[in-house]
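Dear colleague,

Please find below the sequence and structure that I would like to hand over to you. My findings follow directly after them.

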Amino acid sequence: MTVEIRPVAAHELGEAGDVTLAAYRTLPGQVLSDAYAADLRDVAARTTGATVLVAVEGDRVLGCATLVTDPASAWSESLAPGEVGVRMLGVAPEARGRGVGTALVEACLGRGRAAGATRAVLHSTASMTAAHRIYERAGFRRAPERDVVLSPGFRLMAFTLDLG
């Protein structure tokens with residue numbers, strides 16, 4: 001069966017949230033606050049101010065990613081004009097290794113280019129090593145000057161990709 005990447009449908013919001021949260025809960029050493037777990041699960045909220053893409057096979061959601069194209073969006077994480085952000089990428093644990101994460105990243109980049117963006121930005125944690133490999137294969141490079149320290153010992157690592 002083929003995996004389709006497209007905007008999330010209303011009837012998939014709950015499943016997409018469950019998949020995203022399940023993906024983050026499998027990360028080694030990752031401790032999710034109740035507030036962030038709720039944000040990961042609340043796909044409906046992200047559809048206001050961002051585009052939520054899902055990877056679907058048949059009637060099953062395998063992965064989810066949020067694309068932010070507006071720097072004024074509440075989901076932007078300090079985007080500059082001309083930048084798009086990729087956020088909250090998650091792949092169902094049982095679907096990993098099938099190219100779902102790569103397909104979601106490529107779809108986000110394609111939509112970013114179509115929107116006229118010149119750069120893509122995303123943040124990741126040190127434990128997300130499989131995601132880092134996807135980002136590096138797509139051409140992203142570390143941008144430590146854009147890292148965000150949320151609390152002592154917890155850093156969001158920035159990655160950027162010029163889309164020109």
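Which residue just after H5 takes a positive phi? It is Gly139, with a phi of about 105 degrees. Please bear in mind throughout that this is a predicted model.

Helix H5

Helix H5 spans residues 129-138, and its buried residues are Ala131, His132, Ile134 and Tyr135. Seen down the axis of H5, these buried residues fall within an arc of 160 degrees, so they line one face of the helix. The partners against which the buried residues of H5 pack are E4, helix H4 (100-114), strand E5 (119-124) and strand E8 (154-162).

The nonpolar core and its aromatic residues

Tyr135 belongs to the buried set of H5, and it also has a place in the largest nonpolar core, which has 49 residues. Tyr135 and Phe140 are the residues with the most contacts inside this core. Strand E3 (residues 60-68) gives the most to the core, with 6 residues. In soluble globular proteins, nonpolar side chains tend to be buried together.

With its neighbours within four places in sequence left aside, Tyr135 is in contact with Leu89, Val105, Leu122, Ser124 and Phe140. Over the face of Phe159 lies Arg142, at 5.6 Å from the ring centre.

The count of aromatic pairs comes to 3. One of them is formed by Tyr24 and Tyr36, with 6.1 Å from centre to centre and 70 degrees between the planes. This pair is edge-to-face, because the angle of 70 degrees is over the cut-off of 60. The two residues are 12 apart, and the pair links distant parts of the chain: Tyr24 is in helix H1 (residues 13-25), whereas Tyr36 is in helix H2 (residues 34-41). Tyr24 counts as buried because its relative accessibility of 7% is under 20%. Tyr36, at 27% relative accessibility, counts as partly exposed.

Thr20 in helix H1

Is Thr20 buried or exposed? At 0% relative accessibility, Thr20 counts as buried. Its place is in helix H1, where the side chain of Thr20 reaches the backbone oxygen of Ala16 at 2.9 Å. Beyond its neighbours within four places in sequence, Thr20 is in contact with Leu40, Arg46, Cys64 and Met88.

Two partly exposed residues

Asp70 is found in the loop between E3 and strand E4 (83-91). Its relative accessibility is 38%, so Asp70 counts as partly exposed. The side chain of Asp70 reaches the backbone nitrogen of Ala72 at 2.9 Å. Asp70 and Glu83 are 13 residues apart along the chain, and their C-alpha atoms are separated by 8.0 Å.

Ala45 lies in helix H3 (residues 43-46). With a relative accessible area of 30%, Ala45 is also partly exposed. Ala45 and Leu13 are 32 residues apart in sequence, and 9.7 Å separates them in space, C-alpha to C-alpha.

With kind regards

Key. Residues are numbered from 1 along each chain as its sequence is written. This is a predicted model: local features need pLDDT of at least 70, side-chain atom pairs count only at pLDDT 80 or more; totals for chains, interfaces and linings use all residues. Side-chain values use heavy atoms; hydrogens and water are left out. Rings of Phe, Tyr and Trp (its six-membered ring) pair if their centres lie within 6.5 Å; planes under 30 degrees apart count as stacked, over 60 as edge-to-face and the rest as tilted. Helices (H or I, at least four residues) and strands (E, at least two) are DSSP runs, numbered from the N terminus. Buried means under 20% relative accessible area, exposed over 50%, partly exposed in between (1.4 Å probe, protein chains only). A charge sits over a ring if NZ of Lys or CZ of Arg is within 6 Å of the ring centre and within 35 degrees of the ring normal. A nonpolar core is a set of buried Ala, Val, Leu, Ile, Met, Phe, Trp, Tyr and Cys residues joined through side-chain atoms within 4.5 Å. Contact means heavy atoms within 4.5 Å. A polar contact is a pair of N or O atoms within 3.5 Å; within protein, one must be able to donate a hydrogen and the other to accept it, and residues adjacent in sequence count only if both atoms are side-chain atoms. The arc is that of the directions from the helix axis to the C-beta atoms.
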